[in-house]
Amino acid sequence: MDSIRKILKIAGVKRKKNFYELGSGDGRVVIAAAKLGAKAYGIEQSLLRVLYSKWKSRQIDPKGLFCQFYHGNIFKRSYRDADIVYI
């Protein structure tokens, strides 16, 4: 996770930035981006992983983090408001 935090900082993840992870898996990168202050979104094909990511983000900080996870195809969404896209 230290490497992930370093990568996110180098990418410019900070407050008031919109961060998207395409293929967010268990949500750890999205949650790390939210901890840096970004509005963080995860898109994942596996519904089970989306549900786990939502649960995990609420366990860490139920009200303070801005994390949203979506189930679906990464190619059928718009990322026009994205400042940073992580794959």
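**Reading the labels**

Author: Let's begin with a helix pair: α2 passes α3 in a right-handed crossing. Bear in mind throughout that this is a predicted model.

Reader: What makes the crossing of α2 and α3 right-handed?

Author: The test is which way the near helix is turned from the far one, by less than a right angle: clockwise is right-handed. The α2 and α3 axes make an angle of about 35 degrees and lie 10 Å apart. The crossing of α2 with α3 comes out as right-handed, so the turn is the clockwise one.

Reader: Which residues of α2 and α3 meet there?

Author: Arg 28, Ile 31 and Lys 35 come from α2 (residues 28–35), and they meet Lys 56, Ser 57 and Ile 60 of α3. That contact splits into two nonpolar residues, one polar and three charged.

Reader: How do you know that α2 is largely enclosed?

Author: Count the buried residues: six of the eight in α2 qualify, so the helix is largely enclosed by the rest of the structure. They are Val 29, Val 30, Ile 31, Ala 32, Ala 33 and Ala 34. Their packing partners are α1, β1, β2, α3, β3 and β4. Just past the end of α2, Gly 37 has a positive phi of about 105 degrees.

Reader: Now the sheet. What is the order of its strands?

Author: The order is β3-β2-β1-β4, in an open sheet of four strands with parallel pairing. β3 and β4 are the edge strands, each with a single partner, so one side of each has no neighbour in the sheet. From one strand to the next, the twist averages 20 degrees.

Reader: How do you know that β1 and β2 pair?

Author: The cut-off is at least two bridges between two strands. β1 and β2 have five, in the parallel sense, so they pass.

Reader: What about β2 and β3: how many bridges do they have?

Author: Five, and the pairing is parallel. Tyr 41 faces Gln 68 in β3, while Glu 44 has His 71 as its bridge partner. α3 lies across β2 and β3, and it runs at about 165 degrees to β3.

Reader: Why are β1, α2 and β2 called a right-handed β-α-β unit?

Author: Look along the strands so that they point away from you. If the path from the first strand over the helix to the second goes clockwise, the crossover is right-handed. The unit of β1, α2 and β2 is assigned that hand, so its path is clockwise in that view.

Reader: What makes β1 mostly covered?

Author: Five of its five residues are buried. Asn 18, Tyr 20 and Leu 22 point one way from β1, Phe 19 and Glu 21 point the other way, and all are buried. For β2, five of the six residues are buried, so that strand is largely enclosed too.

Key. Residues are numbered from 1 along each chain as its sequence is written. This is a predicted model: local features need pLDDT of at least 70, side-chain atom pairs count only at pLDDT 80 or more; totals for chains, interfaces and linings use all residues. Side-chain values use heavy atoms; hydrogens and water are left out. Buried means under 20% relative accessible area, exposed over 50%, partly exposed in between (1.4 Å probe, protein chains only). Helices (H or I, at least four residues) and strands (E, at least two) are DSSP runs, numbered from the N terminus. Axes are lines fitted to C-alpha atoms, for helices over the stretch in contact, and angles run from 0 to 180 degrees between N-to-C directions. Contact means heavy atoms within 4.5 Å. Ala, Val, Leu, Ile, Met, Phe, Trp, Tyr, Cys and Pro count as nonpolar, Asp, Glu, Lys and Arg as charged, and the others, Gly among them, as polar.
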